Amino acid sequence: MKEMIYELCPHCNAEVSVLWDTASQGYLTNCPSCGKRLLLCSECVNRGECDYESGLCRRVLETMWRELSDIPLEVPDSGDEFFAESFKLQGITFPAGITRTELWHWFDDRHPKGVAYLLYGLRKE
């Protein structure tokens, strides 16, 4: 259900109000004043666990991870599976040819609990 959310944009310092449903739309939008990425941290129960400066909070990364299931992998006879075409997740473009392992490392470096949590619900040790 959409509700009015108020957030302060760190880029232009505008107090932003958006009619939003975090359950279906996630925690990332664009500031209507300056157009830059805006995380809706005030709505998140995991405040303090994320790196707002990178623009990639835990919730955004988890949404990106779920979106990966819609992107086909090429499976060669030998070697690592890879993405044949470039693709975009939450506004971030990944190049054609990136391997599954490289992408998993990218997520592991950015998610506070790591790729093991994303795969199996386990904590990063």
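Axes are lines fitted to C-alpha atoms, for helices over the stretch in contact, and angles run from 0 to 180 degrees between N-to-C directions. The model used here is predicted.

**Exercise 1.** Describe how helix 2 and helix 3 are placed relative to each other.

*Solution.* 
Step 1. Find the helices: helix 2 covers residues 58-67, and helix 3 covers residues 100-110.
Step 2. Take the geometry. The two pack at an angle of about 160°, and their axes are 11 Å apart.
Step 3. Apply the cut-off. Angles over 145 degrees count as roughly antiparallel. Helix 2 and helix 3 are therefore roughly antiparallel.

**Exercise 2.** Find the salt bridges and place each partner.

*Solution.* 
Step 1. Count them: the structure holds two.
Step 2. Take Glu62 and Arg58. Their closest N and O atoms are 2.8 Å apart. The two residues are four apart in helix 2, so about one helical turn separates them.
Step 3. Check burial; the cut-off is under 20% relative accessible area. Glu62 is buried at 14%. Arg58 is buried too, at 8%.
Step 4. Take Arg100 and Glu81, whose N to O distance is 3.0 Å. Arg100 lies in helix 3, and Glu81 in the loop between helix 2 and strand 5 (87-89), so the pair ties together parts 19 residues apart in sequence.
Step 5. Arg100 counts as partly exposed, at 29% relative accessibility.

Definitions and conventions. Residues numbered from 1 in each chain as written. Predicted model: local features only at pLDDT ≥ 70, side-chain atom pairs only at ≥ 80, totals over all residues. Heavy atoms only, no water. Parallel < 35°, antiparallel > 145°, perpendicular 65-115°, else oblique. Salt bridge = Lys/Arg side-chain N within 4 Å of Asp/Glu carboxyl O. Buried < 20%, exposed > 50% of the residue type's maximum accessible area, 1.4 Å probe, protein only.
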